[in-house]
Amino acid sequence: MEDVSSFSHSRKKEESSKVKMVLPFDPSTLTFQNVQYYVDTPQEMRKEGYVQRKLQILSDITGAAKPGVLTALMGPSGAGKTTLLDVLAGRKTIGYIEGEIRANGYPKVQETFARISGYCEQNDIHSPQITVKESLIFSAWMRLPACIDSKTKTKFVQEVIETIELDGMEDALVGTPGLSGLSTEQRKRLTIAVELVANPSIIFMDEPTTSLDARAAAIVMRAVKNVVDTGRTIVCTIHQPSIDIFEAFDELIYLKNGGSLIYCGPLGQNSSKVIEYFENIPGVTKIKDNCNPATWMLEATSSSVESELGIDFSEIYKSSALYENNKELVRQLSNPPSRFQRCVFSNPICPKLLGTDQKLPMETAFILLEKSFIQLDAFRVHYCNFVDSRHPLLGPRK
Ligand SMILES: Nc1ncnc2c1ncn2[C@@H]1O[C@H](COP(=O)(O)OP(=O)(O)OP(=O)(O)O)[C@@H](O)[C@H]1O
Ligand SMILES: [Mg+2]
């Protein structure tokens, strides 16, 4: 079994000096205040008698994600974890978002935010016929600014390979899930690496350990910790974690069914802060010795417990000192520090090029790569040229 406790060891070692990579980035703080998300009520629900025209999926979400801090986004199935991750990352193409989302104190502008953020989907699609290193080089060359020279990009790709612990398998073919090539766990790490080579300062991850056994989940989690140790901001949805994985996180955003917050704050040593918060609510059962705090929390705050005790955990959170502290923290972090410049990029995207020109400008490809609903088949021809004839750095396949 992988030594998951090495999370905390590596953390301590690096706390004093964050791991430096060849490409610098500005650490980013993400703040969100009173975020609401609605969709048009689905026809089926209206037929069943739900009269509201809009269905609220997220309600009054306020919090912050900070550099070098690993934030877990948890809650029961259907609580709205992926929705919140998508809203924060700016990936929602339908629905209505209200509230304020800021990056480094500035209101989030999606065109620029996309350049400093990455998103690891729960089930990412990788090209099966290329190697791990080729996947990373493709992503790096597509998404890093053209002004960065090839030598630096190559060095950065190598550093990412080491950070995600993919060394030793960089020449392996990605293959087809369940049939050939990389295992599920290795694919999850490749997904993280493909995002990391774009040098984002904020990375969103949707359930990176789901469908993995304990050992595989521990390996992925160690890679995630290595990334946060570089000073990046990570928000990560997580489902039924083991104690070790749960306690590898620094902070917790916890949603209940219906998409409202019931906890937002630090986990504490051995989850002490979370345990203390929920145990102090009258009627909540105390945690038993050696019980997984994540499992206990999920059970102790379920809808059935709410109706049994006649309480609403989100109302309790809203009247807590923790909520007041969070509002104050978000207020402080919402002022842009003077040393940060608002990001301004030249070369606006030219959508006319889509589908007409094989040589997509880097910016266009970058945006396309961000869109999960666009299949990458359109790039295949261009990519083959890129790898086989235009890229001397790759060399022959081993
Ligand atoms: N476009 C939509 N129309 C109607 N309902 C939606 C829409 N998008 C999300 N929902 C509902 O919002 C709720 C939250 O969905 P979401 O996928 O964010 O939950 P989750 O916490 O990520 O769940 P899981 O643990 O299963 O991944 C669910 O009840 C889902 O059915
Ligand atoms: Mg989800």
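User: Is the crossing of H7 and H8 left-handed or right-handed?
Analyst: Keep in mind that this is a predicted model. In it, H7 covers residues 184-196 and H8 covers residues 214-228, and their axes sit 9 Å apart. As for the hand of the crossing, it's right-handed.

User: Are H7 and H8 roughly parallel or roughly antiparallel?
Analyst: Start with the packing angle of H7 and H8, which is about 15°. Angles under 35 degrees count as roughly parallel. So the word for H7 and H8 is roughly parallel.

User: How many charged residues are in the contact of H7 with H8?
Analyst: On the H7 side, the contact includes Glu-185, Lys-188 and Arg-189. H8 brings residues such as Ile-219 and Val-220. By class, the contact has eight nonpolar residues and one polar one, and the charged ones number three.

User: What about H10 and H11: roughly parallel or roughly perpendicular?
Analyst: H10 (residues 272-279) packs against H11 (residues 293-300) at an angle of about 20°, with 11 Å between the axes. With under 35 degrees as the cut-off, that makes this pair roughly parallel.

User: Which class do the residues of the contact of H10 with H11 belong to: nonpolar, polar or charged?
Analyst: H10 puts in Val-274, Ile-275 and Phe-278, while H11 answers with Pro-293, Met-297 and Ala-300. Sort those six and you get no polar and no charged residues, so the class is nonpolar.

User: Which residue in S4 is the bridge partner of Thr-31?
Analyst: Strand S1 spans residues 30-40 and strand S4 spans 96-103. The two run antiparallel and are joined by seven bridges. In S4, the partner of Thr-31 is Arg-102.

User: Which residue in the turn between S4 and S5 has a positive phi?
Analyst: S4 also pairs with S5 (residues 106-107), running antiparallel with two bridges. Ala-103 stands opposite Tyr-106 there. The two strands make a hairpin with two residues between them, and the one in the turn with a phi of about 50° is Asn-104.

User: Which element gives the most to the shell around ligand 1?
Analyst: There are 13 residues around ligand 1, and among the nearest are Lys-81, Thr-82 and Thr-83. Strand S2 (54-65) and helix H3 (81-89) each supply at least two residues of the shell. The top contributor, with three residues, is H3.

User: And how many polar residues does the shell around ligand 1 have?
Analyst: Ser-77 and Gly-78 are also among the residues that come nearest to the ligand. Split by class, the shell has five nonpolar residues and one charged residue, and the polar count is seven.

Conventions: Residues are numbered from 1 along each chain as its sequence is written. Chains are lettered from A and ligands numbered from 1 in the order in which they are written. This is a predicted model: local features need pLDDT of at least 70, side-chain atom pairs count only at pLDDT 80 or more; totals for chains, interfaces and linings use all residues. A residue is near a molecule or strand if its C-beta atom, placed from the backbone, lies within 6 Å of it. Helices (H or I, at least four residues) and strands (E, at least two) are DSSP runs, numbered from the N terminus. Two strands pair if DSSP finds at least two bridges between them. Axes are lines fitted to C-alpha atoms, for helices over the stretch in contact, and angles run from 0 to 180 degrees between N-to-C directions. Angles under 35 degrees count as roughly parallel, over 145 as roughly antiparallel, 65 to 115 as roughly perpendicular and the rest as oblique. Two residues are in contact if their C-beta atoms, placed from the backbone, lie within 7 Å. A crossing is left-handed if the near helix is turned anticlockwise from the far one by less than a right angle, and right-handed if clockwise.
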